[in-house]
Amino acid sequence: NYSIEEIVDICIEVWNKEEARTSLIGFLRDLGTINIEKAKELYTILNKGDSPLRIISYLLIGNYNAGDFQALDFALNLRSIDLTESLFVLARINYMSEDDISEVFNVIEPLNFTCKDIADEQAYLLLHLIKNTKTPNEILQKCYTLLANFITNGTLEIVDSIFHTITYQLDNYESEKYNLLHKYLSKTQNFNIIKTFFFNFKDPQYLFDLIKYSFSAIPTFRFPVEIFRDGISHAWRESKEKTESLILDLFNQHPAFSILAVKIILSASYGIYEIDLLKLDKKESQINAIRSFCRSPINFDKLVLLLLPLRNSRFKDVVLFLQESLSSLVFHSYHETIYESILNVMSESITDKEFIKPIKEALDNYNKLRQLKESIKDIDPIENESDLMQLYYRLEREEQAKMMSKINKGGEGSLMHLFKNTIIVRGNSWKIGDREVSPLGKIESKMLVDGSSYLNPDLYESNL
């Protein structure tokens with residue numbers, strides 16, 4: 001019921017209210033579908049006045065999508081007035097023919113490697129063409145080439161901005177997207193991008209390819225798998241069977257990659273990734289798994305539960321190797337702790353009873369040796385090294401006193417000021433100032449560590 005002039009005035013008035021722009025944008029993009037003639041007339045009036053270009057841009061996008069293909073010519077002509085605004089429109093039109101796509105692609109170059117606003121819109125347009133199902137393959141490949149040129153030649157600010165868009169906008173082109181990641185990492189060395197890069201991937205093979213490539217440079221337990229943790233978690237949720245298969249495949253390769261498999265298994269935010277080692281169909285692969293699990297310096301209590309199904313392996317050598325490995329760890333490293341974990345899994349079957357016999361024997365031998373050592377006062381550290389122990393405790397108390405002194409000098413603005421004014425009441429309650437007394441909560445964390453690491457730390461470290 002409004003005249004076209006009144007609509008123009010309303011559009012400008014609403015545009016000047018940022019909180020109302022969203023509804024105006026929807027109106028401009030839908031008007032062509034509702035009434036294409038009125039939308040064309042509105043464009044003519046807006047184009048003659050001094051209305052904001054972004055209003056015209058949204059109107060052109062909606063008009064083209066509603067079938068007014070002349071809107072594309074108007075968008076192209078905008079380049080002589082405002083290149084960024086022209087690219088904004090071109091990057092958001094749903095192209096309906098190869099001819100239109102070819103015409104638009106031909107005006108993208110030259111790429112701008114210095115102006116972020118122009119570069120962002122050029123890159124967004126390239127991604128928009130890639131995602132259009134009508135884009136010819138030849139143009140598709142050229143789009144990837146231009147994106148790679150941006151990463152190679154753009155400023156770091158432009159490269160970071162464009163790659164952020166690639167990360168979240170480019171779906172279902174995982175191979176090409178992964179290749180662009182390598183170019184980005186070579187250019188920026190910004191490896192933190194890996195934490196979120198794989199969130200939209202459906203196939204975990206690309207993540208694992210990068211993990212293996214990175215591990216080759218640091219093929220030890222010191223490899224920082226944490227940077228891949230979120231990607232692995234996403235892969236496990238998105239494609240559990242494929243991810244499990246890729247983890248298991250690491251045991252089929254060079255034994256060093258078995259270490260990587262263990263790192264991945266332990267990288268879960270909660271618990272571990274539960275894989276089935278019986279799916280390994282080679283004897284050597286199962287033995288690699290046992291060897292790498294048993295070399296893990298931490299959390300063996302979690303890993304042993306994945307190992308125990310191998311007691312049912314069809315390879316007798318694997319069962320024997322598992323028995324020997326677990327017996328060795330019970331004797332030298334974990335003693336009752338791991339033995340109890342193993343015993344809890346055992347059934348009453350004859351096979352399980354035979355399997356645990358050498359492991360129980362190893363525990364008995366350890367206890368006998370411990371009793372023997374405890375009976376010899378000459379090697380009792382409490383008897384012979386009490387002076388060193390007292391020195392250690394005295395130095396520890398001094399360090400704690402220094403730390404508390406620094407805290408107390410921190411003043412009102414220090415992070416620990418809250419704790420300085422916290423009163424512990426009778427050892428099981430606490431209060432702040434005059435507030436009501438509250439019971440202490442229980443917080444604990446534990447990690448099982450290989451006891452062998454304390455006997456000769458340097459040798460243990462070199463053997464990892």
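This is a predicted model: local features need pLDDT of at least 70, side-chain atom pairs count only at pLDDT 80 or more; totals for chains, interfaces and linings use all residues.

Entry on the total. How many salt bridges does the structure hold? I found 14 salt bridges.

Entry on Glu-13 and Lys-17. I saw that these two side chains meet in a salt bridge, at 4.0 Å from N to O. I then looked up the accessibility of each partner. Lys-17 has 40% relative accessibility, so I put it down as partly exposed. Glu-13 also falls between the cut-offs, because its relative accessibility is 48%.

Entry on Lys-242 and Asp-203. I noted a salt bridge here, with the closest N and O atoms 3.0 Å apart. Which parts of the chain does this pair link? Lys-242 sits in helix 15 (residues 240–249), while Asp-203 is in the loop between helix 12 (194–197) and helix 13 (205–215). The two are 39 residues apart, and I recorded the pair as a link between distant parts of the chain. For Lys-242 I read a relative accessible area of 33%, so this residue is partly exposed.

Entry on Lys-360 and Asp-364. Their side chains meet in a salt bridge, at 2.8 Å from N to O. Both lie in helix 21 (residues 350–375), and because they are four residues apart, about one helical turn separates them. I looked up Lys-360 at 33% relative accessibility, which makes it partly exposed. Asp-364, at 29%, also counts as partly exposed.

Notes: Residues are numbered from 1 along each chain as its sequence is written. Side-chain values use heavy atoms; hydrogens and water are left out. Buried means under 20% relative accessible area, exposed over 50%, partly exposed in between (1.4 Å probe, protein chains only).
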